[in-house]
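This report covers strand pairing and nonpolar packing in one protein model.

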Amino acid sequence: MSSENSSAETTVVHLVRHGEVHNPDGVLYGRRAGYHLSELGRKMADRVAEQLADRDITHVVASPLERAQETAAPIAKSHNLSLDTDERLIEAANVFEGKTFGVGDGALRKPANWVHLTNPFRPSWGEPYMDQVVRMMAALNAARDAARGHEAVCVSHQLPIWIVRSFVERRRLWHDPRRRQCTLASLTTFTYQDDRIVSVGYSEPARDLVPPHLLAGAKPVKGKSKAFGA
């Protein structure tokens, strides 16, 4: 994607993944309430706020889940802005919420789970990918409209961020979760000219704080599912 109209109004929307979550039981928490940032996650949130402190941000909005709200709070504070909530930024629904579903935990050997694993292209275990695209694009465009000519921050979750980026970059939506380029506290940045997205960028301001097994492309570690940091 490239710019062709230098006179167009430029607006930037940063789609931020939340920081690390306190999850001692190692469950797939999904949309469940009560999962807050860990101490390390709060450091990640502060790092993102520092990274964005000098940007022309006029609008900050987050998923209603606690981990997203807590990641967005220092960003809004550093720009003296109120923090808005957009339900469309929420985590993808998943039938395995509340369960452990990681490498070596035997989840794939349980017959009760097989009915949910029949179609990886939709996917059969959760919210359809195209449903995620529709709501996330609507949230991005709403943030664009709220920050016309400036910059906005939207705090969301790994899967919906990766899916909407894949859609914009015209990649297939079904994928290997281990290959998502969307680590904790990362920024996926959409640049608009008027109403059209002309570029997508990616950065990891808190990369040095992210546990190695949660980085994109990392080899899975038994007992430490990447899904836990969703």
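This is a predicted model: local features need pLDDT of at least 70, side-chain atom pairs count only at pLDDT 80 or more; totals for chains, interfaces and linings use all residues.

Which residue of S3 is the bridge partner of Val60? The partner is Leu83.

S2 covers residues 57-62. Its pairings are listed here.

| Pair | Bridges | Direction | Example of residues facing each other |
|---|---|---|---|
| S2 and S4 | 5 | parallel | His59 and Ala152 |
| S2 and S3 (residues 83-85) | 3 | parallel | Val60 and Leu83 |

S2 is largely enclosed by the rest of the structure, because 5 of its 6 residues are buried. Together with helix H2 (residues 66-78) and S3, strand S2 forms a β-α-β unit of right-handed sense.

**Helix H4**

H4 has 18 residues, and the distance from its first C-alpha to its last is 26 Å, close to the expected 26 Å. Its buried residues are Tyr129, Gln132, Val133, Arg135, Met136, Met137, Ala139, Leu140, Ala143 and Arg144. The elements covering them include S1, S2, S4, H5, S5 and S6.

**Nonpolar cores**

The largest nonpolar core holds 26 residues, of which Leu15, Leu140 and Phe190 touch the most other members. Two or more residues each come from S1 (10-17), H4 (129-146), S4 (151-156), H5 (158-168), S5 (187-193) and S6 (196-203). H4 gives the most, with 7 residues.

Terms used
Residues are numbered from 1 along each chain as its sequence is written. Side-chain values use heavy atoms; hydrogens and water are left out. A nonpolar core is a set of buried Ala, Val, Leu, Ile, Met, Phe, Trp, Tyr and Cys residues joined through side-chain atoms within 4.5 Å. Buried means under 20% relative accessible area, exposed over 50%, partly exposed in between (1.4 Å probe, protein chains only). Helices (H or I, at least four residues) and strands (E, at least two) are DSSP runs, numbered from the N terminus. The expected span of a helix is 1.5 Å times one less than its number of residues. Contact means heavy atoms within 4.5 Å. Two strands pair if DSSP finds at least two bridges between them. A crossover is right-handed if, with the strands pointing away from the viewer, the path from the first strand over the helix to the second runs clockwise.
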